Amino acid sequence: MISPVLRAFVEPWPWYVAGPIIGLFVPGLLLVGNKMFGISANLRHACAVALPGRVEFFRYDWRRIGGWNLVFALGILVGGAIAGQLLAGDAGTNIGPAARESLAALGVRDFTGLMPRDLFSWAALATWQGLVMLVGGGFLIGFGTAYAGGCTSGHAISGLADLQLPSLVAVLGFFAGGLVSTWLIMPLLVGG
Amino acid sequence: MVIKEHSGTRRGDDIGTRSARRTRDDRTPPSSGAPTSAAATSAAPVHAGAAAGAPSPRGLAIYLLLGTLFGIVLTKSEVISWFRIQEMFRFQAFHMYGIIGSAIVVAGLALRLIKRLRLRALDGQVIVVPPKVLGNGTRYWVGGTLFGLGWALVGACPGPLFALLGNGVGVMLVPIASAIAGTWAYGALRPRLPH
């Protein structure tokens, strides 16, 4: 028997709660420190920290420019741990029956976690499908977001909220790429 | 540095007084007078905000707190779920569209308010949102499409990647590492790529 207040924290949050909170990060970070909300800059900062080499793109004062954002990313990890450990209600994702049906038809068997365990595990790295999804997918994320100058947070949320045309072009690209992966590439990888 | 931060906090308190703000506008330059760094002059500057120096540990604590809140929201709203991303790209639920859409609306209204009231950040600097330059748009549609291909393959974008790691999905270290490698590859190839 848990209190209704606690239950509200434990159960999955609906879009109309989560979306506005996420939106408030844009003015929040501006008001706190004149920072633009955008996560993928951390990938660039990580390069600047670890291996700037002679690449001009990574030769800047990452402590001054990216320190706050690296700490923000660390916070995301901590927040994920807190929510996963303390606020986890029923495990699994509450996707609708339509998505469940088409993913099952695709060959997905495990619907209990945040992702199909057989596709996202260390063992999956031994398969070519796992390599394409985890290594290839990750590489495309990093290359694409650096090329486009932002990811879902920087372009789709910060950029579109500021009515920036370049962000709209980038977001249309995000969706074009996502649809190609989902509808054309994924069937070759899952259950294939 | 420390002195500057103190006075900045004090100035941040009277954000609502318009006349006081105007007089300060006259003497405060819109950006720091420090010489522009290599990053600032390059075609793709890192947004540094208006702060001139590295923030203090105490200044960083608030970003840790905000990041933690963000990680909790991403997890509790199932944005970090591979299934939710698949559902979105299959147009089978409103959930993700509702989240992204309402986030844009709320952020957009807040930005309008910030600009109209010419609000200042806690350090006293006027808030500026640097505009992006479209150019011929190549970098945005090519880079965006490549990112989208990866987003749907992994089922997570950069924020959720970190949140998933926190949720105990250790194998997410692999896409994080290869995303960093991908960013590095872009940095190395950048002079030869069309933008």
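**Fold of chain A**

Read along its sequence, chain A runs α-α-α-α-α-α-α-α. That comes to eight helices and zero strands; helices (H or I, at least four residues) and strands (E, at least two) are DSSP runs, numbered from the N terminus. This is a predicted model, in which local features need pLDDT of at least 70, side-chain atom pairs count only at pLDDT 80 or more, and totals for chains, interfaces and linings use all residues. Residues are numbered from 1 along each chain as its sequence is written, while chains are lettered from A and ligands numbered from 1 in the order in which they are written.

- The C-alpha atoms of chain A fill a box of roughly 45 × 45 × 35 Å along the principal axes.
- Of the 192 residues in chain A, 53% are buried (20 or more other C-beta atoms within 10 Å of a residue's own; exposed means 12 or fewer, partly exposed in between; C-beta atoms are placed from the backbone).

**Contact between the chains**

- Chain A gives 122 residues to the contact and chain B gives 114 (two residues are in contact if their C-beta atoms, placed from the backbone, lie within 7 Å).
- On the side of chain A that touches chain B, α4(A) supplies the largest share, 20 residues.
- That side of chain A divides into 78 nonpolar, 36 polar and eight charged residues (Ala, Val, Leu, Ile, Met, Phe, Trp, Tyr, Cys and Pro count as nonpolar, Asp, Glu, Lys and Arg as charged, the others, Gly among them, as polar).

**Nonpolar core**

- The largest nonpolar core has 106 residues (buried Ala, Val, Leu, Ile, Met, Phe, Trp, Tyr and Cys residues joined through C-beta atoms within 7 Å).
- Domain 2 (54-131) and domain 3 (135-195) of chain B both give residues to this core, so it lies between them; the bounds come from an automatic or database domain assignment.
- Val26(A) is among the core residues with the most contacts inside it. Beyond four places in sequence, its contacts include Ile157(A), Ala107(B) and Leu111(B).

- Helix α9(B), residues 173-189, has 17 residues and reaches 24 Å from first C-alpha to last, close to the 24 Å expected (1.5 Å times one less than the number of residues).
- Its buried residues pack against α3 and α6 of chain A and α7 (138-154) and α8 (158-166) of chain B.
- Leu153(B) lies in α7 of chain B. Leu153(B) is buried, with 27 other C-beta atoms within 10 Å.
- Leu153(B) touches chain A residues including Val132(A), Leu140(A) and Ile185(A).
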